[in-house]
Amino acid sequence: TTDGHMQMHLATRDLGVAFRSGEAINPIGVGPIGHIAFRTDDIDAFKRHLDAHGVQYADYGTRFARDWHQIFFLDPEGVIIEVH
């Protein structure tokens, strides 16, 4: 982040969150590591970047954290990446 701080958060495993949310990616219930996250200062610009490169993502908005607009996508190996 531009402020130079790191953060870790934990979430309860919920295998149905993607289904209930109408999204294709479940960020809190898949794989041994769940997901890794990065912060951006401009989520809209990052989404345009993904769109321009044909990367599909799940846009959870502020559903889980009111101060973070979260999107999730898969890296080439299938690891879930969060950007907020």
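**Strand β4**

I started with strand β4, residues 80–83, and looked up where its side chains go. I80 and E82 point one way, I81 and V83 point the other way, and all are buried. I note for reference that side chains in a regular strand alternate between the two faces of the sheet. The model is a predicted one, so I checked the confidence before going on.

**Confidence**

The mean pLDDT of the protein is 82, and 80% of the residues reach 70 or more. I looked up which element has the lowest confidence and which the highest. Helix α1, residues 17–21, is lowest with a mean of 79. Helix α2, residues 43–52, is highest at 96.

**Neighbours of β4**

Next I asked which strands pair with β4, and in what sense. Strand β1, residues 35–38, pairs with β4 in the parallel sense, over four bridges. Along this pairing I found I36 opposite I81 and F38 opposite V83. Strand β3, residues 70–74, pairs with β4 in the antiparallel sense, again over four bridges. There I71 has V83 as its bridge partner in β4.

I then followed the chain between β3 and β4. The two strands form a hairpin with five residues between them. In the turn, G78 has a positive phi of about 95°.

I looked up the strand order. The sheet is open and has four strands in the order β1-β4-β3-β2, with mixed pairing. β1 and β2 are the edge strands, as each pairs on one side only. From one strand to the next the twist averages 25°. Helix α2 packs on this sheet and touches β2, β3 and β4. The direction of α2 makes about 25° with that of β3.

**Aromatic pairs**

How many aromatic pairs does a search of the whole structure find? The search finds two. F46 and F73 form a tilted pair, 6.2 Å centre to centre with 35° between the planes. F46 sits in helix α2 and F73 in strand β3, so the pair links distant parts of the chain, 27 residues apart. F46 is partly exposed, because its relative accessible area is 23% and buried means under 20%. F73 is buried at 11%.

The other pair is Y60 with F72, which is edge-to-face at 5.4 Å centre to centre, with 85° between the planes. Y60 lies in strand β2, residues 58–61, and F72 lies in β3, so this pair ties together parts that are twelve residues apart in sequence. Are these two residues buried or exposed? Y60 counts as buried, with 2% relative accessibility, and F72 also counts as buried, with 1%.

**H84**

Last, I looked past the end of β4. H84 lies in the segment after that strand. Its relative accessible area is 11%, so H84 is buried. I looked up which side chain makes a polar contact with that of H84. Leaving out residues up to four places away in sequence, H84 touches A37, F38, R39, T40, I43, W68, H69 and Q70.

Notes:
Residues numbered from 1 in each chain as written. Heavy atoms only, no water. pLDDT = per-residue confidence, 0-100. Buried < 20%, exposed > 50% of the residue type's maximum accessible area, 1.4 Å probe, protein only. Pairing = 2+ DSSP bridges. Phe/Tyr/Trp six-rings, centres within 6.5 Å; stacked < 30°, edge-to-face > 60°. Polar contact = N/O pair within 3.5 Å; in protein donor to acceptor, adjacent residues only side chain to side chain. Contact = heavy atoms within 4.5 Å. Axes fitted to C-alpha atoms, helices over the stretch in contact; angles between N-to-C directions.
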